[in-house]
Amino acid sequence: MIKLRFIVTGKVQGVGFRWSTQSLAMELGICGQVWNNDDGSVEILAQSDSATRLLLFEKKLRQGVNSLARVDYLEKSPADFKNFNNFSVRL
């Protein structure tokens with residue numbers, strides 16, 4: 001299982017970014033969680049057994065996942081977290 005942590009900055013809060021991220025993850029069969037951070041960034045934990053699906057997920061994140069969002073910076077790092085069974089939005 002490949003597990004990654006993403007931190008995304010730019011115009012990513014108040015534009016449906018988390019919900020679009022959830023839709024994309026579910027479409028790609030990626031499990032994890034997404035939430036807003038107090039500093040205006042969005043944080044994502046993502047896991048999959050497919051590096052190809054995670055690369056496509058990252059590519060779409062960098063593009064902003066929807067027309068209202070704008071990604072200025074995306075940080076990706078390996079992560080160690082409990083396994084997820086789905087992809088959820090933390091409120």
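Predicted model: local features only at pLDDT ≥ 70, side-chain atom pairs only at ≥ 80, totals over all residues.
Contact here means heavy atoms within 4.5 Å. With that in hand, take valine 8. Leaving out residues up to four places away in sequence, valine 8 touches Phe17, Ser41, Val42, Ile44, Val71, Tyr73 and Leu74.

The largest nonpolar core has 22 residues. Val8 is among those with the most contacts inside it, together with Phe6, Phe17, Ile44 and Phe57. Which elements give two or more residues to this core? They are strand S1 (2-11), helix H1 (17-28), strand S3 (42-48), helix H2 (51-63), strand S4 (70-78) and strand S5 (87-89). H1 gives the most, with 4 residues. Another core lies apart from this one; it has 5 residues, including Trp35, Leu45, Phe81 and Phe84. As general background, nonpolar side chains tend to be buried together in soluble globular proteins.

Next, helix H1. H1 has 12 residues, and from its first C-alpha to its last it reaches 16 Å, close to the 16 Å expected at 1.5 Å a residue. Its buried residues are Phe17, Arg18, Thr21, Gln22, Leu24, Ala25 and Leu28. Why do we say these residues share a side of H1? Because they cover an arc of only 165 degrees around the axis, they are on the same side of H1. On the face turned away from that buried side are the exposed residues Met26 and Glu27. And what do the buried residues of H1 pack against? They pack against S1, strand S2 (31-36), S3, H2, S4 and S5. After H1 comes glycine 29, which has a positive phi, near 75 degrees.

While we are on phi, look at valine 65. Its phi is near 55 degrees, which is a positive value in a residue other than glycine. Valine 65 sits in the loop between H2 and S4. Its relative accessible area is 24%, and it is partly exposed; the cut-off for buried is under 20%.

Now the charged pairs. Side chains of opposite charge can pair when their charged atoms come close. How many salt bridges does the structure hold? There are 5 salt bridges.

Are the two partners buried or exposed? Arginine 5 is partly exposed, at a relative accessible area of 27%, whereas glutamate 43 is buried, at 11%.

Then there is aspartate 49 with arginine 53, again a salt bridge, at 2.8 Å from N to O. Aspartate 49 counts as exposed, with 58% relative accessibility, and arginine 53 as partly exposed, with 30%.

The last pair is arginine 62 and glutamate 58, where the N to O distance is 2.8 Å. These two are 4 residues apart in helix H2, so about one helical turn separates them. Arginine 62 is partly exposed, with a relative accessible area of 43%, while glutamate 58 counts as buried, with 9% relative accessibility. A network of salt bridges links Glu58 and Arg62 with Lys76.

That is where I will stop.

Definitions and conventions
Residues numbered from 1 in each chain as written. Heavy atoms only, no water. Core = buried A, V, L, I, M, F, W, Y, C linked by side-chain atoms within 4.5 Å. Buried < 20%, exposed > 50% of the residue type's maximum accessible area, 1.4 Å probe, protein only. Salt bridge = Lys/Arg side-chain N within 4 Å of Asp/Glu carboxyl O. Expected span 1.5 Å × (residues − 1). Arc of directions from axis to C-beta.
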